[in-house]
Amino acid sequence: MSEMDALFAALRQAADPQTVECIENVVKHDSDRDLNRINALAFANQHHLDEEKTIAALLHAARIGAFEMTWNVLCPGCGGVLDSGATLKGVSQETYHCALCAAGYEPTLDEMVEVTFTVSPRVRRIAAHDPDLLPPLEYYRQIFFSSGVDLPEDLEAKFSRIQLEMIELAPGEKAFVSLQLPAQFVIIFDAVTHSAQFIDVKGEPTNERQTLSMVISRAHALNETLTLSPGLLRLTLENHTDRRVVPNVCIAGDDLHDLLGRRRPFLTAKRLLTNQSFRDIYRTDTLDVDQRLKITSLTFLFTDLRGSTALYERVGDLAAFDLVRAHFRVLHEIVATEAGAVVKTIGDAVMATFPSPDRAVAAALKMREAMLRLNTEHGSDDLLLKIGIHEGPCLAVNLNDRQDYFGQTVNIASRVQGLADPNVIMTTEAIVGDAQVSDILRDSGITSASRMAELQGIGREVRIFALS
């Protein structure tokens with residue numbers, strides 16, 4: 001049995017067999033490009049697979065060494081990859097600067113960090129394993145741009161409309177290029193070092209030869225925009241790095257913006273952190289103790305069993321323990337089916353996260369139904385579940401050797417759960433105001449009653465909604 005066969009045999013034991021079979025077929029038969037920085041969501045859509053099962057299969061594949069998982073910091077403007085690492089711990093800068101967009105961004109896990117998967121060279125060697133040998137435009141496609149930029153198959157033809165020049169420079173090499181500058185905004189950009197030079201070409205055309213020198217280095221400091229006239233330019237490019245570079249000169253007009261404006265969903269760090277498979281597989285190997293990464297929107301769901309202490313007194317430790325354990329098992333399963341993750345359990349309480357409010361509400365409704373079924377099966381009302389949901393910004397942190405969350409959003413969600421009556425789902429306006437949540441409540445025939453309430457430690461009144 002080859003190493004590939006052995007790895008996929010192990011993978012079939014850990015993940016959905018149908019999904020694993022599809023991944024194995026792609027590894028064996030598809031192009032090199034298809035196996036580099038795989039966008040899990042696009043892959044699932046292309047092959048008609050379940051997204052959660054696809055994410056889980058790729059996570060297990062990375063864990064056993066069949067694939068390599070990469071965390072890429074993205075520019076929200078152009079979709080370029082500003083930094084890349086094997087773990088989220090590598091996202092350590094307070095600000096990431098994009099030379100192509102001439103803008104700086106504070107990283108958030110919602111849309112600025114993507115997670116991709118590349119086949120391991122031990123399974124199959126592909127061209128992207130040696131990125132400096134890729135053709136220049138393929139380097140841009142496969143290495144510089146994120147998997148969320150939906151680049152067309154005929155990228156070369158599309159790019160030729162805006163490209164004035166593209167060359168390769170070996171380490172230490174110098175090149176002289178002559179080109180005609182049109183009366184438009186022009187950018188010289190290298191995707192390897194992210195060096196950039198902006199040129200505002202305007203005014204009357206000139207017959208005099210214009211000259212410009214650009215040094216490409218690791219510093220890739222943004223130069224001030226130059227103003228030149230339409231006409232001939234003698235351009236000198238020098239590579240002061242120890243790698244091949246691939247500078248191009250292009251027109252920054254509508255065609256470029258249209259090309260880079262084509263976007264598609266991708267697996268964000270936020271979604272992965274709220275994925276149960278990821279938390280189960282990687283556990284504490286996510287954040288450094290000192291990291292504080294922002295998430296602009298995350299939905300928290302808290303549950304607790306009312307009267308659990310009395311339950312132990314009434315039915316005895318063994319029977320109560322079995323009931324509570326069954327309740328935890330059901331809640332974990334429901335959270336996972338709605339793309340969520342259990343962050344922790346505290347006594348008989350559960351803290352879970354979801355990528356969006358509608359997923360949390362759907363899970364809450366399932367939880368309520370599941371507790372009613374368990375009570376019916378046991379012929380009692382021992383499992384009285386209190387549920388609270390809130391959405392908002394937070395920080396992803398490492399607490400007690402566990403990937404956790406911190407912030408006022410977490411506090412409010414916890415306090416809202418504390419106000420819930422048994423079998424009533426308590427939410428905030430941020431939840432019921434979500435359009436998809438409104439659809440769920442309408443289709444389920446759920447009514448809501450609102451009131452203002454003071455939440456302990458919050459310092460202000462919050463409008464809460466009881467869903468019954």
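## Cavity, pocket, sheets and helix packing

The count comes to 1 cavity of 30 Å³ or more, where a cavity is a set of points, on a 1 Å grid over the protein atoms alone, at which a 1.4 Å probe fits but cannot get out. The model is predicted, so local features need pLDDT of at least 70 and side-chain atom pairs count only at pLDDT 80 or more, while totals for chains, interfaces and linings use all residues. Residues are numbered from 1 along each chain as its sequence is written, and side-chain values use heavy atoms, with hydrogens and water left out.

The largest cavity has a volume of about 150 Å³; a volume is the space filled by probe spheres set on the points, and grid points are joined across faces, edges and corners. Of the 14 residues that line the largest cavity, Tyr 140, Phe 145, Phe 159, Asn 248 and Leu 256 are the closest to its centre. A lining residue has an atom within 4 Å of a point. Two or more lining residues come from each of H5, helix H6 (155–160), S13 and helix H7 (254–260). Helices (H or I, at least four residues) and strands (E, at least two) are DSSP runs, numbered from the N terminus.

The largest pocket holds about 570 Å³ of space. A pocket is an open set of points with protein on both sides within 12 Å along at least five of seven lines. There are 23 residues lining the largest pocket, and those closest to its centre are Arg 33, Asp 34, Asn 36, Arg 37 and Arg 264. Helix H3 (40–46) and helix H5 (136–144) each supply at least two residues of this lining, and H3 gives the most, with 3 residues.

The table sets out the two linings by residue class.

Two strands pair if DSSP finds at least two bridges between them. Strand S8 (residues 185–190) and strand S13 (residues 247–251) run antiparallel and are joined by 5 bridges; Ile 187 has Cys 250 in S13 as its bridge partner.

An open sheet of 3 strands has the order S2-S1-S5 and antiparallel pairing. Its edge strands are strand S2 (81–85) and strand S5 (113–119). Neighbouring strands of this sheet are turned by 30° against each other on average, direction ignored. Strand S1 (residues 67–74) pairs with S5 in the antiparallel sense over 7 bridges, and Thr 116 in S5 is the bridge partner of Thr 70.

Helix H1 (residues 3–14) packs against two helices. The axes of H1 and helix H2 (residues 17–29) come within 9 Å and cross at roughly 160°, which makes H1 roughly antiparallel to H2. H1 and helix H4 (residues 51–64) pack at an angle of about 135° with their axes 10 Å apart, which makes H1 oblique to H4. Axes are lines fitted to C-alpha atoms, for helices over the stretch in contact, and angles run from 0 to 180 degrees between N-to-C directions. Angles under 35 degrees count as roughly parallel, over 145 as roughly antiparallel, 65 to 115 as roughly perpendicular and the rest as oblique.
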